Protein chains: 4
Amino acid sequence: MQLLLKRLVEQNRHYTKYGKVANYIPELGKMDPDKLGIVIVDTGGKIYRAGDYDLKFTLQSMSKPIVLLLALMDNGEETVFKKVGKEPTGDPFNSMRKLETLSPPKPLNPMINAGAITVTSLIKGKDSKEKFERILDMVRKISNNPRLNINMDVYLSEKKTGDRNRAIAYFLKDVGILEGDVEEALDLYFKQCSIEVTCEDIANIGMFLANQGIDRKTGKVIAPKYLTQIVKTFMVTCGMYDESGEFAINVGVPSKSGVSGGIISAVPNRMGIGVIGPALNAKGNSIAGVKLLMDLSRELKLSIF
Amino acid sequence: MQLLLKRLVEQNRHYTKYGKVANYIPELGKMDPDKLGIVIVDTGGKIYRAGDYDLKFTLQSMSKPIVLLLALMDNGEETVFKKVGKEPTGDPFNSMRKLETLSPPKPLNPMINAGAITVTSLIKGKDSKEKFERILDMVRKISNNPRLNINMDVYLSEKKTGDRNRAIAYFLKDVGILEGDVEEALDLYFKQCSIEVTCEDIANIGMFLANQGIDRKTGKVIAPKYLTQIVKTFMVTCGMYDESGEFAINVGVPSKSGVSGGIISAVPNRMGIGVIGPALNAKGNSIAGVKLLMDLSRELKLSIF
Amino acid sequence: MQLLLKRLVEQNRHYTKYGKVANYIPELGKMDPDKLGIVIVDTGGKIYRAGDYDLKFTLQSMSKPIVLLLALMDNGEETVFKKVGKEPTGDPFNSMRKLETLSPPKPLNPMINAGAITVTSLIKGKDSKEKFERILDMVRKISNNPRLNINMDVYLSEKKTGDRNRAIAYFLKDVGILEGDVEEALDLYFKQCSIEVTCEDIANIGMFLANQGIDRKTGKVIAPKYLTQIVKTFMVTCGMYDESGEFAINVGVPSKSGVSGGIISAVPNRMGIGVIGPALNAKGNSIAGVKLLMDLSRELKLSIF
Amino acid sequence: MQLLLKRLVEQNRHYTKYGKVANYIPELGKMDPDKLGIVIVDTGGKIYRAGDYDLKFTLQSMSKPIVLLLALMDNGEETVFKKVGKEPTGDPFNSMRKLETLSPPKPLNPMINAGAITVTSLIKGKDSKEKFERILDMVRKISNNPRLNINMDVYLSEKKTGDRNRAIAYFLKDVGILEGDVEEALDLYFKQCSIEVTCEDIANIGMFLANQGIDRKTGKVIAPKYLTQIVKTFMVTCGMYDESGEFAINVGVPSKSGVSGGIISAVPNRMGIGVIGPALNAKGNSIAGVKLLMDLSRELKLSIF
């Protein structure tokens, strides 16, 4: 396995040249585009690492399924899905135009920004500080890493340049989907996106989802199984932006990408995978990371279909 | 003429019952839906008044052609139309979806909110205060009413509930159309919308446009003729929201409506007309005001076509 | 005047180089892109000609206002506008997407293809042959040219390659806007587009509209004045495809263009203008023809605004 | 199992009252809305039947994954996916508007009508007759029912009323996606939709897909495994129209519905399921059939997530 991972990383590293590091958040633009790394954690607890697996990066959109899970635990399915739909969109992650034609104008799913900001606004807590602590606590728990924290530079950069997300949030406020303070919801969203991790952290998160919400080490139920299934279903139908359909065909594993170049994958009952490769393709996914997962899925027959 | 106006007001007043006062800005919702009034100022300086002509109301979207004129005088055609287009849209005034599909994503025209906010951001001035004073000064000058001022209750109400306009403005900022501070541009926009007028004030504004930018009393050129023609053209192609085409057929006079229920009309070289009727139809235009203008246009053969 | 026209043609001819002859209808693609011609007919009956004024070309979209007028005379306003709207769209002439989001799904105006095909289907006649004869008869009458006829090569070329129009027509049939046989309506539409004219013919048509529906020579009322006003209003708000707003600002005269490169203009109570220049800009209008009309409007102060 | 199925059918039958039989194809409108039936075929060859399992109905959109599989076998992945995409849309199955905004304008996936008609046009055969025979032969083979045939009344009804599909096909022809004769492609498409089956037939088809393309009885490879995986992936991401996301969460099994009220489900390596329930919900899926599959999935833990 170790050898396989090493070979696949080397064989796919050249793809990094065809992608670009996200630059709409200036701080993200500083990442090294040539990097490619992977960590796999299996149900038996074995860990395999290859390439630039020790690179640090932020969760970005990879925070969406985690916060969705917490929001579902906080509010129940009915409340959450009154505010956000369950359907893939075929539009880019920051698109707003469907919102205008839909009646009710609720975001089509929790993986696009409009849906994710709405979900974040549903997190419980007596104030903004407590809400974020609950999110951070959840991420720490399911990644088995109590030292995780926010990358302040990225957070401030997001906050400063997040005009599209502001546009989305004010639109949602106007149509009554987003309740409460808009800037507070946005601040919380920018914070969740800025939590800093490594491949091993997100591989553990993948493992947690693959293991149906049960802590692999302690056997403790952290989240109800049926809620982790919901989250994994969204990862298949809309986890890879408007490339989700193609990824489902080529890889066939519930996954969620972020514009930092990270990808969390959860192979049901088998393994969690964490990938990093900051150079992105036009859809916003790690260009080499996707290729690496394609090869891996073929070699290990990981597709759930 | 006096008798004609009186008859037409009475004969169209019952239409007010089929409309609704705008309520998305709470302060506007307090207007009396049964009112209907009109003032005509002709090139000879004669003034005719009928119905509830002394009602006070705010400019709202009627400020758009005025601020456009000032922005054109401040920046020239080229600069303004680099930021905003010249085409009617067929979409509601607060629609954003076209912005997403267009390349470049500039607002289609200066009469929809996205275009108007952009235009407002181009007004010159050393600070926010001076910019508004220049707008207010312009409105006072062309309405021949130096006492005009802001209605603070309406302004604060707009500012508090203007989430859709905020969404639009942050979107424009994100795509690079809106430069400078977003909240400042919005504040200026909310202020221009909140300038309080009567039918006579806006009839004078209509007269000023009908008179090609020349002050009727002093003969002084306040704005270049060709810029007032541009403004009147926009009033025909997109001055009445997504009812502009129908209004052009039925009335055929350059006009601009606002959600307060006011309508400014400029009959080239003949007269300026100011109408108020707070009850609106589904498109956001004064329901009885439009009917009144239809009758008036037919009686006086006002259509420019 | 003669000299002015000659000068303006020569001074604008170089613009033909920046445009392209329409090639989606193969037969149209054979036109000479360097040509530019103009004819003006004034109310006094004087005729001025310059450039390639004797070039033959087909009506294409210039047939739309004429057939609209006939349909209004055949059916009355109410029936026609139950099937087709009065609003400009901001979309290209062959766009279908608005149809899908509108409720009812009626075409936004009679100048886009969807609206024009619908209007054509409303022409009265006991069979397909009589319907076309009535259209041709109308065109002959208002152009004062009883010898006008169809260009069979263009007609057959349109019919063979009109798949987008077929898509539009079947869509309209499906939603219940288009009644009767789809292929028959399309055939009639292709025929009206293929009527062959010269600049003088369309200048006469412009004159007829400028003259409010009255035959300049005989003084006979061919169409009711208010219907010709409706037609001219559409020519302003949507006569130049999605460049109508800009054209209204720059020229300010009710006009209708066709992809053959022709433009009909009607200056109310003053003159009719016919222009030909087969090289088109990106919006589908004669690139040099539009420039020529801009200069002419400025020189003769033709803008109605 | 037999008892379970019986219980679930009875417990969900009342939902049929809340749905409506499709009536846009008149012949489909004649189906009995109260019916609900199911057949399960497992890998061991055991067959379980309950409710109105012997009802006859037509494949409709259930033909899409089958013809896609044949087209992939005929042309290879590359050729097929040059013409049609892999992404879910979030739009209704007969929507055309995305086609207009996409560049290239290829249908987003093979499960919406635009994509399916394109796929059908790629089926090989020396003439129209042979093409259909190859499709019918494929359906017969994978349903283990050599007696399957077309329902002529439904076919003629589809052909007569298929104006929306005609609009889609002519649009695809115009933009160069659909090659060859439009009416021939449509005729083939109407025929594939009109193949008449029972629940057992489609349960066998589900079984064939669950069994990775291998004939359960003979062990013969009818289609390559990786192509059946592609087909099943599409069934998850876009098999249930714009309710696919919700269905994936609630049932979690690759499935394809048709407006006849049928649903084919393929539980990888476990079973094929065929359901019929002609009363549809607003999205076009069998209203009671979906509920029945939800219960079944929960009882037997069928979700692949």
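Colleague: In chain D, at what angle do helix α4 and helix α7 cross?

Modeller: The axes of α4 (residues 113-120) and α7 (residues 163-174) of chain D cross at roughly 65° and come within 10 Å. Axes here are lines fitted to C-alpha atoms, for helices over the stretch in contact, with angles from 0 to 180 degrees between N-to-C directions. Helices (H or I, at least four residues) and strands (E, at least two) are DSSP runs, numbered from the N terminus.

Colleague: Good. Before we go on, what kind of model is this, and how are things labelled?

Modeller: This is a predicted model: local features need pLDDT of at least 70, side-chain atom pairs count only at pLDDT 80 or more, and totals for chains, interfaces and linings use all residues. Residues are numbered from 1 along each chain as its sequence is written, while chains are lettered from A and ligands numbered from 1 in the order in which they are written.

Colleague: Thanks. Back to α4(D) and α7(D): is their crossing left-handed or right-handed?

Modeller: The crossing of α4(D) and α7(D) is right-handed. A crossing is left-handed if the near helix is turned anticlockwise from the far one by less than a right angle, and right-handed if clockwise.

Colleague: Which residues meet there?

Modeller: From α4(D), D:Asn113, D:Ala114, D:Ile117 and D:Thr118 meet D:Asn165, D:Ile168, D:Ala169 and D:Leu172 of α7(D). The residues of this contact of α4(D) with α7(D) divide into five nonpolar, three polar and no charged. In contact means that the C-beta atoms of two residues, placed from the backbone, lie within 7 Å. As for classes, Ala, Val, Leu, Ile, Met, Phe, Trp, Tyr, Cys and Pro count as nonpolar, Asp, Glu, Lys and Arg as charged, and the others, Gly among them, as polar.

Colleague: And what about α2 and α10 of chain D, how do their axes cross?

Modeller: Helix α2 (residues 63-83) and helix α10 (residues 225-238) of chain D have axes that come within 10 Å and cross at roughly 145°. The crossing of α2(D) and α10(D) is right-handed. On the α2(D) side the contact is made by D:Pro65, D:Leu68, D:Leu69, D:Leu72 and D:Met73, and on the α10(D) side by D:Leu227, D:Thr228, D:Ile230, D:Val231, D:Phe234 and D:Met235.

Colleague: How many nonpolar, polar and charged residues does the contact of α2(D) with α10(D) have?

Modeller: The contact of α2(D) with α10(D) has ten nonpolar residues, one polar and no charged.

Colleague: Let's switch to chain A. How do α6 and α8 cross there?

Modeller: In chain A, the axes of α6 (residues 152-161) and α8 (residues 182-193) come within 9 Å and cross at roughly 140°. That makes α6(A) oblique to α8(A); under 35 degrees counts as roughly parallel, over 145 as roughly antiparallel, 65 to 115 as roughly perpendicular and the rest as oblique. The crossing of α6(A) and α8(A) is right-handed.

Colleague: Who meets whom in that pair?

Modeller: A:Tyr155, A:Glu158 and A:Lys159 of α6(A) meet A:Asp187, A:Phe190, A:Lys191 and A:Cys193 of α8(A). By class, the contact of α6(A) with α8(A) has three nonpolar, no polar and four charged residues.

Colleague: What are the domains of chain A?

Modeller: The assignment gives domain 1 (2-56 + 198-300) and domain 2 (61-193), with bounds from an automatic or database domain assignment. Their centres, taken over C-alpha atoms, are separated by 21 Å. The contact takes 31 residues from domain 1 of chain A and 28 from domain 2 of chain A.

Colleague: Which element gives the largest share of the domain 1 side?

Modeller: That is α10(A), with eight residues of the side of domain 1 of chain A that touches domain 2 of chain A. By class, this side of domain 1 has 18 nonpolar, nine polar and four charged residues.

Colleague: Now the chains. How many residues of chain A are in contact with chain D?

Modeller: 26 residues of chain A are in contact with 26 residues of chain D. On the side of chain A that touches chain D, α10(A) gives the most, with six residues. This side of chain A has ten nonpolar, ten polar and six charged residues.

Colleague: What rotation superposes chain A on chain D?

Modeller: A rotation of 180° with 0.0 Å of shift along its axis does it, at an RMSD of 0.0 Å. That is the relation of a two-fold axis. Copies are superposed by least squares on the C-alpha atoms of residues with pLDDT of at least 70 in both. Also, 100% of the interface residues of chain A are interface residues in chain D too, so the copies meet through the same surface.
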